[in-house]
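Subject: Structure handover

Hello,

Here is the structure for you to look over. My notes on what turned up follow below it.

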Amino acid sequence: MTQKKVLVVGGAGYIGSHTCLVLAERGYQPIVFDNLSNGHPEFVRWGPLEEGDIRDRKRLDEVFATHRPDAVLHFAALIEVGESVKDPVAFYENNVVGALTLLSAAMSAGVDAFVFSSTCATYGLPDQVPMDETHRQVPINPYGRTKWIVEQALKDFGTYKGLRSVMLRYFNAAGADPEGRIGEWHSPETHAIPLAIEAALGRRDGFKVFGSDYDTRDGTCVRDYIHVLDLADAHVRAVDYLLEGGETVELNLGTGTGTTVKELLAAISVVSGRPFPVEYVGRRDGDSTSLVADNARAREVLGWQPRFSLEEIIRSAWHWHSRTNHGGGG
């Protein structure tokens with residue numbers, strides 16, 4: 001039996017590289033396509049790297065012709081909400097124009113199985129918690145809107161062009177490969193767990209909490225933290241599902257359990273054994289009070305369920321960050 005190939009666009013990044021690890025473990029051949037603007041060549045360890053930009057149709061056509069993938073996993077996006085407000089043009093160029101160029105190249109090459117990294121930011125402010133996939137989508141920032149626009153395109157391409165896709169709406173990705181081969185490495189770093197760990201390691205002066213007057217059990221925002229390998233597992237299951245003939249579907253990826261910022265910081269102090277300074281400042285624009293996934297549909301469609309606890313997420317992240325000195329704090 002020929003090994004099935006998956007083109008992993010953005011596969012040198014955080015979630016993409018962990019997904020390549022799981023793809024290889026499950027018998028697929030990952031082919032990484034990345035412009036390395038946010039990805040790291042050191043993270044490409046389970047298949048070849050093809051450098052290129054998703055807006056470059058000629059380069060995409062070359063890669064599809066060379067490797068003839070059976071499916072595409074699309075991770076290559078700008079993700080920082082604050083930056084999307086400052087520079088919406090870059091987000092539309094990369095996240096919308098780039099995604100549409102990639103989709104056009106994939107369909108021209110005869111690929112009809114496409115897994116898209118989407119986000120709970122497409123929902124906007126929650127009407128109810130936990131949120132399921134029928135929750136109305138009213139994004140409140142350009143980042144969420146660019147992802148929502150691509151979801152609309154995928155549905156149209158499914159209806160009129162026969163493309164089948166799985167849209168995976170992430171909640172808060174966290175953690176690292178427990179063996180420490182790869183982990184979370186953003187420059188600059190903006191995610192809560194690595195920032196708090198860097199504070200515990202003494203690489204930052206402390207940790208800022210934005211808002212302590214929310215209507216939650218301790219006044220701080222509630223988020224649903226999911227281990228990056230649980231996300232990777234869902235992506236590989238989504239490829240399996242599409243290659244077995246599955247139809248277009250949108251799925252939430254979260255644990256279904258909410259953690260407040262205060263609870264998160266307490267857990268990081270326990271795992272690290274190091275208290276660190278915490279400063280409470282005003283709310284940030286666009287932060288939702290509570291974002292927690294209803295993940296029943298992903299369980300049903302993909303047979304998926306998250307395996308890692310919050311403590312295991314933090315422990316794996318601590319293992320990675322304490323042994324490396326990448327990113328904003330280093």
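Start with β1 and strand β4 (residues 71-74): they pair in the parallel sense over four bridges. Helices (H or I, at least four residues) and strands (E, at least two) are DSSP runs, numbered from the N terminus. Two strands pair if DSSP finds at least two bridges between them.

Before the rest, the ground rules. This is a predicted model: local features need pLDDT of at least 70, side-chain atom pairs count only at pLDDT 80 or more, and totals for chains, interfaces and linings use all residues. Residues are numbered from 1 along each chain as its sequence is written, and side-chain values use heavy atoms, with hydrogens and water left out.

**The seven-stranded sheet**

The sheet is open, with seven strands in the order β3-β2-β1-β4-β5-β6-β11. Its pairing is parallel. β3 (49-51) and β11 are at the edges with a single partner strand each, so one side of each lacks a neighbour in the sheet. From one strand to the next, the twist averages 20 degrees.

Strand β1 (residues 5-9) is also joined to β2, by five bridges, and these two run parallel. Val-8 stands opposite Val-32 in β2. In β4, the bridge partner of Val-8 is Leu-73. Strand β2 (residues 29-34) is mostly covered, with five of its six residues buried. Buried means under 20% relative accessible area, exposed over 50%, and partly exposed in between (1.4 Å probe, protein chains only).

Helix α1 (residues 14-25) lies across β1, β2, β4 and β6 (164-170), at about 170 degrees to β1. Helix α7 lies across β1, β4, β5 (113-119), β6 and β11, at about 165 degrees to β6. Axes are lines fitted to C-alpha atoms, for helices over the stretch in contact (heavy atoms within 4.5 Å). Angles run from 0 to 180 degrees between N-to-C directions.

**The three-stranded sheet**

There is also an open sheet of three strands, β12-β9-β14, with mixed pairing. β12 (259-260) and β14 (290-291) are its edge strands, each pairing on one side only. Strand β9 (residues 222-223) pairs with β14 in the parallel sense over two bridges. Here Arg-223 stands opposite Leu-291.

**Helices α4 and α5**

How do α4 and α5 pack, and at what angle? Helix α4 (residues 88-108) and helix α5 (residues 142-161) pack at about 20 degrees, with axes 9 Å apart. That makes α4 roughly parallel to α5 (an angle under 35 degrees). Among the contact residues are Phe-91, Val-96 and Leu-103 of α4, and Ile-149, Leu-154 and Phe-157 of α5. By class, the contact has 15 nonpolar, two polar and two charged residues. Ala, Val, Leu, Ile, Met, Phe, Trp, Tyr, Cys and Pro count as nonpolar, Asp, Glu, Lys and Arg as charged, and the others, Gly among them, as polar.

**Loops to check**

Most residues other than glycine have a negative phi, and most peptide bonds are trans. Leu-36, in the loop between β2 and β3, has a positive phi near 60 degrees. Leu-36 is partly exposed, at 22% relative accessible area. Arg-68, in the loop between α2 (57-67) and β4, has a positive phi near 45 degrees. Arg-68 counts as exposed, at 66%. A cis peptide bond joins Val-129 and Pro-130, with omega about 0 degrees. Pro-130 is in the loop between β5 and α5.

Best wishes

Note on methods: Parallel < 35°, antiparallel > 145°, perpendicular 65-115°, else oblique.
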